[in-house]
Amino acid sequence: MYSLGIIALQGHCSTISLYKDDELVFALSEERLSRIKEDSNFPEFAIKACLDKFNLKMQDIDSISFAWNPWSSLWFYLLKNLKHTTFDFLFGKRINGKRSRVKKFLEMIFIRSYIKKTFGHCPKLSFKDHHTCHSLTSIFHSGFTDPLSLVIDGYGDRATISLYKLNGRHHQLLQETFFPDSLGLFYSMFTQFLGFTSDIDEYKFMGLSSYGEPSLVDKINQVISFDENNFVKLNLTYFTFQKSSNVFYSDKLIELLGDPKTYDFKQRTDLAKSVQVVFSQVILKIIKNIKQKYGQETQSICFSGGVFQNCVLNKDIRDSKIFKNVFFTPLCSDLGTAIGACLSERLSKGLSLKKLSHLYLGSSFSDTEIEKILKFFNLNYTTSENLTKDTAKILEQENIIGWFQGASELGYRALGARSILADPRKQEMKDKVNHKIKKRESFRPFAPATTNEFVHKFFEVSGQELGYMIETVDAKKEMANEIAAVVHVDSSSRVQVVSEQDNKIFYDLLLEFEKQTGVGVLLNTSFNIKDEPIVNSPQDALICFARANLDYLVMGRFIIPANSNNHFISRYQS
Ligand SMILES: [Fe+2]
């Protein structure tokens, strides 16, 4: 039995998942194939790639589940709020050319005929509640038995915050908060206030906060507050997202905080820090409130929804110890709901459900396919008898490499399948990768990848699972200098602990690098350049290798040096 899960048209990054019985066998975001970052179009390419990979036709798919219910959004955002709604709120094109609310609704309700026209057939299709999908993804990734599950995002199809409890097979909704009281939109509004792009650049805003002082906390507290009954209350006089499609803050906010266009670096970082502090404080109060109400029943809670991409917040939650067992899924953003949609369908039918295991669920290419492409582009390459040993040597000599191995990983983080890797021992490597390779802001940190054998040597960890770069931990003071390129200004690091079971070749590379240098850590960043999606195919990898000025590309068992492929590099750099 094949079930297809889809999040598209709504949300930020169209994604599909495929279940074969109770096994998640494939998941891929449309942006990886369309090469349009955060592509929210219908994921036609991803579905085609999925059907091709398993040699299926649409007629072989038993059900399609959408992780968004357009009828709920019609009621909650359009009809219920009609007397406050403006023309721009309904018909204005969303930021970055995304669809208006009305267009999204119309596309969703006609999706059956679109699928039928594109694939010649549309299986039984159902619309699932968006927050239910978020929640189920995190619950079935956590492995917890009967946990609470807190969902917080900008907004779903009906709510902005939802609390659930899993009782056996009963996924029970305990409490909801509705638009416009939204923590996600609060953070997005300040992201936009500092001149970044809301809905996309929140991670840059978070990165900036580490450099600042929380000097504006009192002022930010005028904008948002914790609410005993509603979880959160926004002072809407400072916001305009409830009326406008594109502008999220009012003139009153500029009166409160001054004109952000005149801010220097210190003012920008202090604002980011103050917003981050208040954001964490409100969410910690929500979690304490949940603990008081429901903490007798369980000691476990999992988190999902876009706000939990904020790894500074996640660290505050873990450090608070309000709940004994906490889990942050790396699939907390909308793309993870493609999996939750299938889980919701299976739950409703009384079918078996399994814990999610690894995230290497996307496109994969054999060495034969890769070599064919290398030959097509007339590239010089070598093969290696001991790939991890030779790659570790290349890294030890301060080369920056593209690393392309196995099936692509689902999500925004490179987990060692489509990664750029470098030696983390010198601070200058961070600047080199930021400026020369990624062409991005110098304040942006890089994450370390390590293994269970070495993580305790370099980082303050207390038994948490750190497989997905969704939480930060502190680097040990005495070791921070040893891995200077992957320790942020506030001593934190967004660590990935690579498991031998999930990604053996990357794990072996880390062991080999340790053998050669004494440091079992690598700088690991996504294999892309600024404003592009992570590479998916060998062709994408080769073009990025050229454009990013990488020294080597290690793809499958092939090592491709830049210095003997100048004909290719210069062509694609121009
Ligand atoms: Fe969401």
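Before we start clicking, a word on helices: here helices (H or I, at least four residues) and strands (E, at least two) are DSSP runs, numbered from the N terminus. What you have on screen is a predicted model, where local features need pLDDT of at least 70, side-chain atom pairs count only at pLDDT 80 or more, and totals for chains, interfaces and linings use all residues. Residues are numbered from 1 along each chain as its sequence is written, and side-chain values use heavy atoms, with hydrogens and water left out.

**Stop 1: Ser138**

Select Ser138, which lies in helix H7. Is Ser138 buried or exposed? Ser138 counts as buried, at 0% relative accessibility. On this tour, buried means under 20% relative accessible area, exposed over 50%, and partly exposed in between (1.4 Å probe, protein chains only).

Now show what surrounds Ser138. Leaving aside neighbours within four places in sequence, Ser138 is in contact with Ser149, Cys302, Phe303, Ser304, Phe327 and Thr329. Contact here means heavy atoms within 4.5 Å.

**Stop 2: the iron ion**

Stay with helix H7 (residues 130-142) and pick His130 and His134. These two are about one helical turn apart, because four residues separate them in that helix. His130 is buried at 0% relative accessibility, and His134 is buried too, at 2%.

Which residues coordinate the iron ion? His130 (NE2), His134 (NE2), Asp153 (OD) and Asp334 (OD) do, at 2.1 to 2.3 Å. Donors are N, O and S atoms within 2.8 Å of the metal (3.2 Å for Na, K and Ca); water is not among the atoms, so sites may look incomplete. Along the chain, the donors of the iron ion follow the spacing H-x3-H-x18-D-x180-D.

Why is the arrangement called irregular? Because the four donor atoms subtend angles of 88 to 167° around the iron ion. For the cut-offs: four donors count as tetrahedral if all angles lie between 85 and 135 degrees; four count as square planar and six as octahedral if opposite donors are over 155 degrees apart and all others between 65 and 115; anything else is irregular.

**Stop 3: aromatic pairs**

Next, colour the rings. A search of the whole structure finds 28 aromatic pairs. Rings of Phe, Tyr and Trp (its six-membered ring) pair if their centres lie within 6.5 Å; planes under 30 degrees apart count as stacked, over 60 as edge-to-face and the rest as tilted.

Zoom in on Trp71 and Phe105, an edge-to-face pair at 5.5 Å centre to centre with 85° between the planes. This pair links distant parts of the chain: Trp71 is in helix H3 (residues 70-79) and Phe105 in helix H5 (residues 101-109), 34 residues apart. Trp71 is partly exposed, at 48% relative accessible area, whereas Phe105 is buried at 13%.

Then go to Tyr211 and Phe265, also edge-to-face, with centres 5.9 Å apart and 70° between the planes. Tyr211 is in the loop between helix H9 (202-209) and helix H10 (217-220), while Phe265 is in helix H12 (residues 265-294), 54 residues away.

For a group of rings, select Phe186, Tyr187, Phe190, Phe193, Phe205, Tyr249, Tyr263 and Phe279, which form one aromatic cluster.

**Stop 4: the cores**

Keep Phe190 selected. Phe190, Phe66 and Leu150 have the most contacts inside the largest nonpolar core, which has 125 residues. A nonpolar core is a set of buried Ala, Val, Leu, Ile, Met, Phe, Trp, Tyr and Cys residues joined through side-chain atoms within 4.5 Å. H12 gives the most to this core, with 12 residues. Not counting residues up to four places away in sequence, Phe190 touches several residues, including Phe205, Leu253 and Val275.

A second, separate core has 48 residues, among them Phe446, Val495, Phe545 and Ala548.

**Last stop: Ala46**

Finish in helix H2 (residues 44-53), where you'll find Ala46. Ala46 is buried, at 0% relative accessible area. Setting aside residues up to four places away in sequence, Ala46 touches Ile16, Phe26, Leu28, Glu30 and Leu33.
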